[in-house]
Amino acid sequence: MRILTTTEDLAAFCAEAAQAPYVTVDTEFLRERTYYAKLCLAQLAYPGDGKTDAVLVDPLGNDMSLEPLYELFRDTSVVKVFHAARQDLEIFFVEAGVIPEPLFDTQVAAMVCGFGDQVGYETLVKRIARAKLDKTSRFTDWSRRPLTEAQKAYALADVTHLRKIYEVLSEELAQSGRAKWVGEELEVLTTPETYRVEPEDAWQRVKTRTNSGKFLALVKELARFREIHAQTKNIPRNRVYKDDALIELASLKPSDLKELGRARLLLRDARKGEIAEGILEAVKRGLDYPPEDLPKADTSRDKLQVNPALADLLRVLLKAKTESSGVAPRLIASASDLDAISAGQRDLQALRGWRSEVFGTDALRLCEGKIALSADGDAIKIVEL
């Protein structure tokens, strides 16, 4: 089991991997105590002789530079294979502004190939690689050194079995003609905006019970300050203050430390120093918003005139289509998407691209009364009208 601890060794391995058609990649990281994930280990493998084609990369010692790995990520002649890639990709984008290209995500591919919603790696290892994983090291502290033999074996298995899974899924996609479907899905993962968290937009993740513009202005400024402080100090946003405390602050509108002290839900560290000052400044900014700049909540979904009967028919159609195509229903449309279609919305992902081919076209025809659904034993048939 090879563990790379120097830039030179990593560069040598990446040069070997660059000659292969693909390389499988996984990471182990910690995020419980930081805003940004801390990379503790990277695992890499390519198809080879089984002796030198899989390694663990330890970035925590010897001032190792990961630039050779990033250079491999930029090499478009080598496919980079991940499973459930989003968090891994976020690490590399935050660290180096790089997104591996071309990219293949076996979780997305498995959903297209009929393995179910958000299928886990362990399931694919069992069903495709015909192997078992020892998961005892899954939730260990990956920042501690030395790593145990069990940790090393667990980490390496995350990329060695991935080779077989990739080869089987990519072949199935080629035969079915669905490779472009996966390509469409991966556009989100390969877009830099996916990994950028803008403080100006942080308020939209906070759930409130009011759509008052004046109240939302306070929520926006308090969420903005929290995001900036968490990013600057590299601490989880909930360590600054939680959402319920943010809502309480927006209601209290404290103007000084005495009034701030009345907040029941605020953490002790947030009642003094930088955080306290930031809260008071955020409240002042929120109160000073001119009427024309007050934020507005997205109420478009609240105003939908959902047709319950049509929404139920769309659910039946979706179930029939996914059973016949073998594609996971969740990948095509959510329950809220079906409600929106029944209410007349048409600018939806469920009606575009490959989803239109599988479901969207017939969904619109159903809404327009051009087709009906009929039971045929255990199956659902489409009846032309």
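Student: How much space lies in the second largest pocket?

Tutor: Keep in mind that this model is predicted. The second largest pocket holds about 520 Å³ of space. It is lined by 21 residues, and those closest to its centre are Val108, Met111, Gln118, Glu185 and Leu331.

Student: Which helices supply at least two residues each to that lining?

Tutor: They are α4 (106-112), α7 (179-189) and α14 (329-332). By class, the lining has 10 nonpolar, five polar and six charged residues.

Student: Why does the second largest pocket lie between domain 1 and domain 3?

Tutor: Look at who gives residues to the lining. Domain 1 (2-195) and domain 3 (308-384) both do, so the pocket lies between them.

Student: What is the volume of the largest pocket?

Tutor: About 880 Å³. Of its 29 lining residues, Asp26, Thr27, Glu28, Arg138 and Tyr154 are the closest to its centre. The strand β2 gives the most to this lining, with six residues. The classes here are 11 nonpolar, six polar and 12 charged.

Student: A pocket is open; a cavity is a space the probe cannot leave. How many cavities of 30 Å³ or more does a search of the whole structure find?

Tutor: One. The largest cavity has a volume of about 60 Å³. Its lining consists of Arg31, Tyr36, Ala37, Gln87, Glu90, Ile91, Val94 and Glu95. Sorted by class, that gives four nonpolar, one polar and three charged residues.

Methods
Residues numbered from 1 in each chain as written. Predicted model: local features only at pLDDT ≥ 70, side-chain atom pairs only at ≥ 80, totals over all residues. Heavy atoms only, no water. 1 Å grid on protein atoms, 1.4 Å probe; cavity = no way out; pocket = protein on both sides within 12 Å on 5 of 7 lines; lining within 4 Å. Points joined across faces, edges and corners; volume = space filled by probe spheres on them. Nonpolar A, V, L, I, M, F, W, Y, C, P; charged D, E, K, R; others polar. Helix = DSSP H or I, 4+ residues; strand = E, 2+ residues; numbered from the N terminus. Domains from an automatic or database assignment.
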